[in-house]
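Here is a short walk through one protein model. Keep the structure in view and follow each stop in turn.

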Amino acid sequence: MRIAVGLGQQRGEKELEAQGIKRRDFMKFCTAVAVTMGLGPSFAPKVAEALTGKRPSVVYLHEAECTGCSEALLRTVDPYLDSLILDTISLDYHETIMAAAGEAAEEALEKAIANPDGFVCVVEGAIPTKDNGNYGYISNHTMLSMVRRIVPKAKVTICMGTCSCYGGIQSAKPNPTGSLGLNDALADLGVKAICLPGCPPNPLNFVGLVVAYLTGQKIELDDYYRPLMFYGSTVHELCERKKHFDAGEFAPSFDSEEARKGWCLYDLGCKGPGTYNNCPKALFNQTSWPVAAGHPCIGCSEPNFWDDMTPFYEN
């Protein structure tokens, strides 16, 4: 994997080709992003222009989480896709994959947030707030103090994954660390980050949001700060098994013939009717998604889903 670092430097399609990314594959990816954004294939050239222009400097903060959102972003079926995503942005600070450590990492962070052109902040993970945030530390700083210092300086902040959006499993009852989503944790500062929930979210949604930001599009949000271009419909509305739901055809068990025929998984606990996400449309690795693989939706892009959607295999 090649990770580009450089405070928003310029480069174009020729550089992508030099890295082994063919123009045909690049435009195919841009088309997938455009479709995910709900703008259709004709918007692909605009996506390509945004992705080969001046890259925004990105500070990617990890808080209380499992790093699954970063794993989803980095582990892709196409060998070039991880590099393409990371070459879309100038990733100047990412605690998991950066080579620097200790004081060098701290210096990289300070340099990034002092960038005169500004920076985009991405936050992954919930924020422990109980006892002044003492349940989560990075270096000598609490996670709470870090986001309070850094996030208000960003030009725009993106919450990557349900934990940073709404607290995730860290905030599930009894929530001993007082973990909250970023917007709730920084409510007194007036922070209103854009939320990309999911456990994990689809990388195409992340790239689509970055493209929308770079092209100056108006990003309409729902009441939970989710972009409507990705979270405007329920999983149920987009699901390929909906025809079986409408016909009253429900799989009685996971190992049944009906399940193998693709019948609806509602009786096995599927939470698709109450979950807003584009999983059936923006396939993971452009290949599949949980329900297509035979597993019911667990509602992972909804606030408090660990409490409100459990038990997962009942309705």
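Predicted model: local features only at pLDDT ≥ 70, side-chain atom pairs only at ≥ 80, totals over all residues.

**From a helix to the strands and beyond**

Start with helix α6, residues 103-113, whose buried residues are Ala105, Leu109, Ala112 and Ile113. Look down the axis of α6: these buried residues fall within an arc of 90°, so they line one face of the helix.

What covers the buried residues of α6? The cover includes strands β1 (57-62) and β2 (90-94), along with helix α8 (143-150).

Take α8 next. Two packed helices are described by the angle between their axes and the distance between the axes. For α6 and α8, the angle is about 30° and the axes lie 12 Å apart. Angles under 35 degrees count as roughly parallel, so α6 is roughly parallel to α8. Which residues meet here? From α6 come Leu109, Glu110 and Ile113, and from α8 come Met146, Arg149 and Ile150. Leu109 and Ile113 are also among the buried residues of α6.

Now move to the strands. β1, part of the cover over α6, pairs with β3 in the parallel sense, over five bridges. Strand β3 spans residues 120-124. Five of its five residues are buried, so β3 is largely enclosed by the rest of the structure.

How do the residues of β3 point? In a regular strand the side chains alternate between the two faces of the sheet. In β3, Val120, Val122 and Glu124 point one way, while Cys121 and Val123 point the other way. All of them are buried, Glu124 included.

Leu61 stands opposite Val123. In β7, the bridge partner of Val123 is Cys159.

The last stop is Thr162. This residue lies in helix α9, which covers residues 162-166. Is Thr162 buried or exposed? Its relative accessible area is 3%, and buried means under 20%, so Thr162 is buried.

What surrounds Thr162? Leaving aside neighbours within four places in sequence, its contacts include Gly167, Gly168, Pro197, Gly198 and Cys199. Cys300, Ser301, Glu302 and Phe305 are in contact with Thr162 as well.

Notes
Residues numbered from 1 in each chain as written. Heavy atoms only, no water. Helix = DSSP H or I, 4+ residues; strand = E, 2+ residues; numbered from the N terminus. Buried < 20%, exposed > 50% of the residue type's maximum accessible area, 1.4 Å probe, protein only. Contact = heavy atoms within 4.5 Å. Arc of directions from axis to C-beta. Pairing = 2+ DSSP bridges. Axes fitted to C-alpha atoms, helices over the stretch in contact; angles between N-to-C directions. Parallel < 35°, antiparallel > 145°, perpendicular 65-115°, else oblique.
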